[in-house]
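I opened a notebook page for this structure. The entries below follow the order in which I looked things up.

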Amino acid sequence: MAIINYAANNPYRKTPQTSWYISNFVFRPIQPASDDSIITLSQQYQYRPDKLSQDLYKTPAYWWVFCIRNPFLRPDPIWNFTVGTTIYVPSAIHLTKMLGS
């Protein structure tokens, strides 16, 4: 039975999984840091956490980071990502340290 290992940028990295079974999702911790930013979402990011990730981190793969740092987004990370919503955003340097990517 093979163990599945995900890349550092994958939200499932800490969730146990084999070739035939995935366990309950384990959130990856991303602790607050002094260099975090507070951003109020504009129209260009309405329903597009992937687009904000691309602009901040040069990859759309970190869209899920916003849900970790802002738990109110977790129930629906796309439709809760609306104009006027204020979120905490980790810096690229902090994210690299936390995720090991």
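**Strand pairing**

I began at I39, which stands opposite I87 in β2. Strands here are DSSP runs of E with at least two residues, helices are runs of H or I with at least four, and both are numbered from the N terminus. The model is predicted: local features need pLDDT of at least 70, side-chain atom pairs count only at pLDDT 80 or more, and totals for chains, interfaces and linings use all residues. Residues are numbered from 1 along each chain as its sequence is written, and side-chain values use heavy atoms, without hydrogens and water.

I then looked up the pairing: β1 and β2 run antiparallel over four bridges (DSSP must find at least two bridges for a pair).

**Faces of β2**

In a regular strand the side chains alternate between the two faces of the sheet. I found I87 and V89 on the covered face of β2, and T86 and Y88 on the uncovered one.

**Core**

I listed the contacts of I87 (heavy atoms within 4.5 Å), leaving out residues up to four places away in sequence; among them are I38, L52, F66 and F81. The largest nonpolar core has 17 residues, and F66, F81 and I87 have the most contacts inside it. Such a core joins buried Ala, Val, Leu, Ile, Met, Phe, Trp, Tyr and Cys residues through side-chain atoms within 4.5 Å; buried means under 20% relative accessible area, exposed over 50%, partly exposed in between (1.4 Å probe, protein chains only). I noted that α1 (49–57), α2 (65–69), β2 (86–89) and α3 (92–99) each supply at least two of the core residues. The largest share, four residues, comes from α2.
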